[in-house]
Amino acid sequence: MATEVGTWSTAPQADGMFSHDENLADANRSYSGDEAEVNGNWTPQEKALHEARLKAKAKRRLRKSSSRNSTSESLSESGDVAGGDPNSPKGKVNTNDRKSRTGKGRGLPKKGGAGGKGVWGAAGMVYEDEEPDMRDPNYDESSQGDTVYATVVPEVDEKELGKMVNPIVKEYFEHGDTKEVQMLLKELNLGPHKYEFSSLAVSLSLEGKASHRELTSRLLSDLTGKVLSQNDMSRAFDKILKELPDLILDTPEAPQMLGQFIARAIADHILPMSFLDCYKGKVVCEHARVALDRAVVLLTMKREMVRLDNVWGVGGGLRPVKHLVKEMNLLLKEYLVSGEVSEAERCLRDLEVPHFHHELVYEAVVMVLESKGDTASHMMMKLLQSFWKTGLITVDQMNRGFQRVYSELPEINLDVPHAHSIMEAFVDLCYQESVITKQLRDACPSRGRKRFVSEGDGGVIKS
């Protein structure tokens, strides 16, 4: 058994065909005293296993030698190492090296330093228009030469139209600039729903003030021919006529107002003259019939086209100051004749100039100074008292009106000799009825009444 162990331990090492672990495993089997192995002979199973191991090891050696030969040949071609030993340290190739294993290249960075993640190109590089490549799978021969690049704006959905148009119209009611609205509409792609802008603007103005309706009429006049056509306007007013049963719930006077809108639109050449003829004998809705009749009446009045410019009355601060002063004078004169405080209050509210109410106070006091008798002073005091209690005229506007009269009293006294005495009496009356404050009453100027010394007074100054 000793000789057999020696044979098992030396033969594989001499041939170099077994590893150290395999030798140990075979030696352990020989020492186990297996009766199946006699005189160095193996069983058929062990012999087949041994042959398979030999074939696998031979294949590994063949692959390793072929890879070393190819590496040495490539190095000799590049001129770095010629005929080097593949087993030497210089001939070995590091598999973890990211450089080219073929030895080609100059070692420069890839793409000239313009490559890598998140890099758009080298510094200072300017990209030009590239010619279309015929080998490109997306190449379209029919579109070459006629390519047009344009910004595409998506079409506004009908459901979102109101959300986008309402802020534009409400903001226009504040600034009154039709060019800005025109610019905003050109940026929107309204598509076939373009006419609905006019109907929404008119509907919003029906719920607002007279000045809003005047602004809407001007806006429609400026947009016609530039953004909207007469056909769009006709469709818009036709839609509003159909919606009158719903509009009248919030605005009972909607039919009359819509009739004024139609008459003003025809006068401004927004709607064709044949617009009303299309509805003759075809209107079923009673409210629509009222609106159309109102438009016909306005158009057949004397001085038809001229009168329709003021169909919405005075438009607040949009009118000149001289016109507002004239309207306030007319308001006060009509009040002195009729004595109706409610009508005067309605007319003042329709003017929509709360910042200019001090002019009404000024004109009222001047009328008292120029009038004869106490009737005018009592009526004006009653009117100012009503405006004061309802809050239509504020403290600031009331004070400014009286102070303007105070400052101009010397000039007024030239035309009205008793202006100071009338002013003092009217101020005292207004103070007693709580129309003005005590400070404003005390600020009223009074002319001195001192008399000079006469011959029979004995040198005493009389007051």
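## Salt bridges, burial and cysteines

Reader: At 23% relative accessibility, does Asp238 count as buried, exposed or partly exposed?

Author: This is a predicted model, in which local features need pLDDT of at least 70, side-chain atom pairs count only at pLDDT 80 or more, and totals for chains, interfaces and linings use all residues. Residues are numbered from 1 along each chain as its sequence is written, and side-chain values use heavy atoms, leaving out hydrogens and water. Buried means under 20% relative accessible area, exposed over 50%, and partly exposed in between (1.4 Å probe, protein chains only). Because its relative accessibility is 23%, Asp238 counts as partly exposed.

Reader: What is the N to O distance in the salt bridge of Lys242 and Asp238?

Author: A salt bridge puts a side-chain nitrogen of Lys or Arg within 4 Å of a carboxyl oxygen of Asp or Glu. Lys242 and Asp238 both lie in helix α8, four residues apart, about one turn of the helix (helices are DSSP runs of H or I, at least four residues, numbered from the N terminus). Their side chains meet at 3.4 Å.

Reader: Which residue forms a salt bridge with Glu196?

Author: Glu196 is in helix α6 (residues 196-206), and its partner is in helix α8 (residues 230-242), 43 residues apart. Glu196 counts as buried because its relative accessibility is 6%. With the closest N and O atoms 3.6 Å apart, the partner is Lys239.

Reader: How many disulfides does the count come to?

Author: A disulfide is a pair of cysteine sulfur atoms within 2.5 Å. Cys430 is buried, with a relative accessible area of 0%, and Cys444 counts as buried at 12% relative accessibility. By the distance rule, the number of disulfides is zero.

Terms used: Helices (H or I, at least four residues) and strands (E, at least two) are DSSP runs, numbered from the N terminus.
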